[in-house]
Structures are given as C-alpha cells and as structure tokens.
Amino acid sequence: MRAFFISYNQLLLKENKSILKNFFILCFLFSSALFAQEKFTLSGTVLEEATGETLIGVNIIIPELKTGTITNEYGFYSITLPEGSYLVQFSSLGFVNQQKSISLTQNTTLTISLKNDTEQLDEVVITADVERANIKAPQMSVNTLTAGTIKSIPVVLGEADVIKSLLLLPGVTNAGEGSSGFNVRGGAVDQNLILLDEATIFNSSHLFGFFSVFNPDAIKDVKLFKGSIPSRYGGRVSSVLEIFQKEGNSKELKFNGGIGVVASRLLAEGPIAKNKSAFLVGGRASYAHLFLPLFDIKNSAYFYDLNTKLNYRINENNNIFLSGYFGRDLFSINDSFVNVYGNALVNFRWNHIFSDKLFSNLSLIYSDYYYGLELDFVGFEWNSGIQNFNLKYDLKHYLTDKLQVNYGINNIYYSFNPGKIKPNNPDSGIVEEQLIKKYGNEFAIYIDIEQDITPNLNVEYGARLSHFIRFGQKEINVYEDNNPVLFDPFTLVYSEAEPVETIPSSRSDRLKSYTNFEPRISVAYVINEDLSIKASYTRLSQYLHLLSNTSSPTPLDVWTPSGPYVKPQLLDQYAFGVFKNLKNRAYTLEAEVYYKDIQNRIDYIDGANLIANNAIEQVILNGEARAYGTELLLRKNTGKMQGWISYTWSKSQQRTPPRNENEIGINNGEWYNTPYDRPHDISIFANYSWNKKWTFNSNFVFQTGRPTNYPIGQFVFQDVVVPYYGFRNVERLPAYHRIDVSAIYTPIQKENKNWSSEWVFSIYNLYNRKNAASINFKQNEDTGVNEAVRTSIFGIVPSVTYNFKF
C-alpha cells in the first residue's frame, strides 16, 4: 500500500504540475507587484504571559490610521503601514489591553505577551471579538466559543460538552437527547467537517451521543462556520467546526481537572525546555459502569479519551507541533454483545515565517475511525472503519494593511473498510468474509483574498478547485443499461438490480473522477462604526457520504466515497445579514437569512439494507435538498448579567424526482421534510455573576418536534397485524423544551497557595419534561386496541462536579 501511495502521488503531482506551477506563479507575481510600495511592515506573535501559548484572534489596532488586523490561528500577525510613529493597541477579551508606541522606519518585529484579566468575563461571550472588527469584517455566519463558555453552560450529568454548547447557537440543532452529532442550517450530520487540530473527526460522540469527544480542559479555541466558508476548507457542504487544542504551558508545570458524577478528567502541561518547548497530556474517562455489579447488572457502557500535544520553538521563524487524540467507547450486554468504536488521529505541523509578510503552515495528518462489534451469541466479530492520510500546505501573504492573500494545496487519500466478518469460535458456522474495500483521493488548490476596497467596503473572495478520484477495487458489478436500481411500473416499487456480470479491478484503476470549481465571496458594507450589512455566496463539494437511514447516526453507519453511481454533493448557499452594536456596544444584534440548494443528496429506496451491503449502489438514488431560514442572535456583553437569545425559523426538505417519465420517484417525487427539519428553535442562555464566589447560569431551549412517520392504517396477514404508512415525514413528535440551571461556587484562594477550585451544581431539565425521543405504536395486550407509546430518555437530572487547578 505504501508503494502504491507513493507512486500515485508521483502521478498526481505530474498531472497537476502545470496547474500548480501557474497557480503559484500567479500568486507570487501578484504579491511582488504590491511590494513596490514604500511602506514598512510590523509583524510578530502575541502570547499569553502566564503560559507562553499563542493567542488567536487578538486585535491589533492603529487608531491614527483607523486600521488594524488580528492574529491568525497560530498567534502571528502582520500589517504594512506608512513610515511614521504610531500607538499600537493589543486587545483580546479576557486579557488586559496593552499599548505600544513604535517608530516605524524599517520592518519591525514585535512580540507581545498579554496578562490575564481575572475581572473580564470572557466565558460568557460567544464571539472572540465583539468590537468593530466584527462589524467591518466581511466574514459572516460564524460563531466562536471559548472553553469558559462551554464549561459555564448547564448540561446533562454535569459533563461540559462542546457539541451541546453549539446547540444554543442559531441555526444549530440535533435529533434530540442521546443523539449523535449536530445539524447546521438544515444539513445532515455527515455534511459537517469536524477538525481537531486540523485532523478530521468522523464521529464526534461518546456513548451514542450523550457526550462529545472533546475534552474542554484541552481546548483552546472553537469556531463554527455555518456559511461564508473560506476557500481553505472543503469536503463538506453544511459547516466546518474547527477546534484547536492548547499548546502546553512553556513557563511552569500546571495541572487541572475535574471529578463528576459519571466521568473525571485530568490534564498536565508544562515546559520541556522553558520558553522553548512544552507538552500537554490530558485524559478523561467515565466510571459509572464500575458500580453496576453492585446491583447485579452485567451490562457495561463507558468511554475514555487521551489528548496530547508537543511544541518546540526552533527559532523565531520556525515552530513545530505534534498533536494527537485517541478515544474509545465500549458498550456490552452480558458479554454476549460487545461494541467498541472510536477515533484516533495524529498531526505533525511546521510553522515557518519566510518574511515579515509571508507565513506558512505544513501539516501531515493521519486520521482513523474504527468500529468493532462482537456478537457472541451468534458467534462472529465485525470490524469496519475509515482511514485518511492528509497533506496540506497553507500560506498567508500580508501584502498591505488592506490586502491579504491566503493560498495552498491539500491532498487526502482515503481507505474505506465497509466491514469484515469473522467467526469468534470454531463452532459458530460463520464463514469469514471481507466486504469490498474502497479507495479514493481528494486533491485541492485554493486562493482566498481579503481586501479593504474602501473604508466602508470590505470583501473576502476566492475559489477552490477540487479533484476527486475513485480508485479501483477487488471487483466491480456491471448492470444492464448501467442501472443498479430497478423500478416496477405495476407495483410502483424500486428494487435492487441483479448484476449481469462481475469484473475484476485493480486499485490503480480509475473508476470515476470528478472536478469541481468552488467560488466563494463575502462582502461587508459598513454604514457606520456600529452598523453593517453583509452578503455571501458559497459553493462547496462533498465526495464522502454517510450511509444512514436513521434520524441520528449510529456507530454502525458506514462512510462511502463518490463513484460511478454515487455522485458528489454540490452546495450553493446564499446569505444576507445585518450586524448592529447597541448601547455603546453593550449589546450586539446579528440577523441573517440564508438559502441552500444541494444537488445529488443521496436517498434510499424503501426497505433499503445498508448494513453489510457489498453493492450499496443498488439501494441509492441521487436526489436534491434545499434549506432556508432566518437567524436572530441578541447578545448582552457587559454587566453582571450577560448572555444571549437566539431564534431560528427554518425549513429543510429533500426530494428524489423520477429518473424518467415511467417512474414516480421517492415519495411520489414530492418534497418532504428531512429528519432534522425543525421550523422553530429558541435558545436563551444567561450568566449572572453575583460576587467573586458565586456565579449562576441558566438556559432555556424550545424546538419544534422533529419529523416522523405514524401508521395511517393496518391490515392482518396470517394473524399478524401489519401497519402501513403514507408519505415520508408528514407527522411530528411533540415539541421539545426544557430549562437547565447551574450554580458555580468558587472558594477564595488562600494566599501563597497554588491550589484553586470550584464546585458546579447543576440541574438538567428543571421541570422534568418528558420529551419524546420516539413514539411507537403497539397493541395493548389487555384491550387489544392499538396505542401510542412515548419513549423518553431524560427527566430531571441533578449533578455536581468539582474542578481544580494547581
């Protein structure tokens, strides 16, 4: 496989040589033309004084010129200014503002360390910048969460959770309690690109959705792109969730952790060589299963994960990072059913500063998702998963204070294992079988330009050119008329076609290739310092598909690549927004409308079998989807009471029209609600800082019930009552709502003591609402009458967590 991967990359490089050559020549010529201006560059890195970690999104403002910039994902900034003397302001929420007077007569490097501001309540602010930069910047449809925000939001069982926190933002929902993943602007779970230190996470949930895989103690920054997605991202058509881990404390050894009702965590960070290199190691595990034997319960369910990171500063122009994550879930019933699944990833990154205007990042990434199942009562084991190897090289050119250019390349090689079954004892009678493995490669080049055209008009525009190759596999099915799905005009039913032949194939063969041009543009027009309007257009391509016909994904769901019969999904999204600061920026109002159109959204024929299916093309049809809505977000950013109110009205639908005049399509070719369509979604979060010891938090959630199917009739066949259903997703579950509260008690830290701690007391679902996870129909054994049975997961759930640092 290694030899193949090397030979393929050589072939790929040869094929794209002319494209890459012209691409980089264009970028550098464009850059050189602008260097002719007689100006000087101020650049450097902004660090946290206490830990030595780089800071993301710090504002660097030059008031005399009414201009500025922000630090990138690695704490680097660069701004080109006319010769002169200036007062430079550095500010970031949660840190003491700092000012420096400079005389800019030559290119200057200035590294700044910011002190923590213990009085600044950054943990209750959604965005990293509520100042003018948000009003002025063309970027829209983006939300940022800090680790403090995440820890302050009350959640079930008291375990701070990134994904559950995202659900309080406008445009973000999920399938309900105990469900995996999240849905953004009416999109499916598999349409979200989830990145942890740039590596792809394929399953973001622990214990089937009760918790997320992200340890809040190890998180540095969380950013969700719902639209206006920069060109450096691709591969998913709904959103990008970008999470960066902390780099480690390069000043001194520190520990922090927490002890909760169902899980505990511990994180250690410190210098390897002071101010030169640092490490971070964090572990988290649940332990409720340890108490089950006391109640004579032989079942078990637990998770654990490990976060690691190393960084080394070679010199002022070169830094290297090595980060990793490993997580596993285990669920078993009487040892006869054992389910193990989880993610593993590793990322090596090299930051290099070519000059005070040119910053680069090279990443080598490996990501793996594994799913294992053992059914001892049947006598077999099942293993499946997906692996990818990712090479990406990104460059950021700070040409002037009004023009920045980002460009780079990205290549991802995929290996898909749909499943392997083998006997776990010699008497099981199971025959070992490997489902056909699949392979693909996704290559992309991109350019993204940020430009201030006038003091009031700012744009971000660019494009991404993606190219996907579906490689050969062990064997390929051939169908009559190249049609793997048949339609019976008499029964009006779609069914699986039988292959007319099966032909062998080599992995070096190309079954299918796709190339897509993905333009992006965002525009902001600043009416005044506190009011702007913005608009954006985004085109995205997605070459991977999650095979799932449930409302919430399960670990058993399998990823499959685009190919001869499964086309890539293509998105066109349009958005328009108004952004307003109120009452001297004490309040911020964001209002957006959006429309999304998706081509080639896969749909399944009725009765489709997705598990252990070697010919998945026989149950898939290519359809389309659309989503549109309005999002409102009102934030209060100052005072003892802070928080936000968000409201979303939206629709999410899909359809699969007939392929010809003789067919009817799925659902008679009509639009129907997706399983994640929730027209009304209200979220309220409030944080009240009473005094230095006590802080109170509360959130309220209301959502329209998700679509479902109820039987519209029944018939009796051989003394068995069989229900039948009408059109898809016509009915809905009852509305979902709840209130959560928490109180955080922080004891006064004793002088000359390094130990600090806090107690978090929380109640999830305060008024014990029995929200419906599902409604099933069955026959009452006593009366013989059919009745609806509501299934709920959580009622009221109190919890307590003890957090500490030393």
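Trainee: How many aromatic pairs does a search of the whole structure find?

Mentor: The search finds 34 aromatic pairs. Keep in mind that this is a predicted model.

Trainee: Let's take Tyr413 and Phe471; what makes them an aromatic pair?

Mentor: A pair of aromatic rings is described by the distance of the centres and the angle of the planes. Here the centres of Tyr413 and Phe471 are 6.3 Å apart, and the cut-off is 6.5 Å, so the two rings pair.

Trainee: And why is the pair of Tyr413 and Phe471 called tilted?

Mentor: Their planes make an angle of 40°. Stacked would need under 30 degrees and edge-to-face over 60, so this pair counts as tilted.

Trainee: Where in the chain do Tyr413 and Phe471 lie?

Mentor: Tyr413 belongs to strand β26 (residues 403–423) and Phe471 to strand β29 (residues 457–471).

Trainee: How do you know whether Tyr413 is buried or exposed?

Mentor: Buried means under 20% relative accessible area. Tyr413 has 0% relative accessibility, so Tyr413 counts as buried. Phe471 is buried too, because its relative accessible area is 2%.

Trainee: Why do you say that the charged end of Lys534 sits over the ring of Phe579?

Mentor: The distance to the ring centre is 4.5 Å. The limit is 6 Å, with a further condition of 35 degrees from the ring normal, so a charge listed as sitting over a ring has passed both. Arg626 likewise lies over the face of Trp671, 4.0 Å from the ring centre.

Trainee: Nice! Which residues have the most contacts inside the largest nonpolar core?

Mentor: Those are Leu166, Phe182, Phe214 and Leu241, in a core of 25 residues. At least two core residues come from each of α5 (162–166), β12 (192–196), β16 (219–225) and β17 (239–245). Beyond its neighbours within four places in sequence, Leu241 is in contact with residues including Ile163, Leu166, Phe182 and Val222. There is also a second, separate core of 20 residues, with Trp382, Phe416, Ile421 and Leu546 among them.

Trainee: What makes β9 and β13 the edge strands of the five-stranded open sheet?

Mentor: The sheet has the order β9-β16-β17-β12-β13, with mixed pairing. β9 (142–145) and β13 (199–200) each pair on one side only.

Trainee: And how do you know that β12 and β13 pair?

Mentor: Two bridges join these antiparallel strands. Pairing takes at least two bridges, so they qualify. Leu196, for instance, has Ala199 of β13 as its bridge partner.

Conventions. Residues are numbered from 1 along each chain as its sequence is written. This is a predicted model: local features need pLDDT of at least 70, side-chain atom pairs count only at pLDDT 80 or more; totals for chains, interfaces and linings use all residues. Side-chain values use heavy atoms; hydrogens and water are left out. A nonpolar core is a set of buried Ala, Val, Leu, Ile, Met, Phe, Trp, Tyr and Cys residues joined through side-chain atoms within 4.5 Å. Buried means under 20% relative accessible area, exposed over 50%, partly exposed in between (1.4 Å probe, protein chains only). Helices (H or I, at least four residues) and strands (E, at least two) are DSSP runs, numbered from the N terminus. Contact means heavy atoms within 4.5 Å. Rings of Phe, Tyr and Trp (its six-membered ring) pair if their centres lie within 6.5 Å; planes under 30 degrees apart count as stacked, over 60 as edge-to-face and the rest as tilted.
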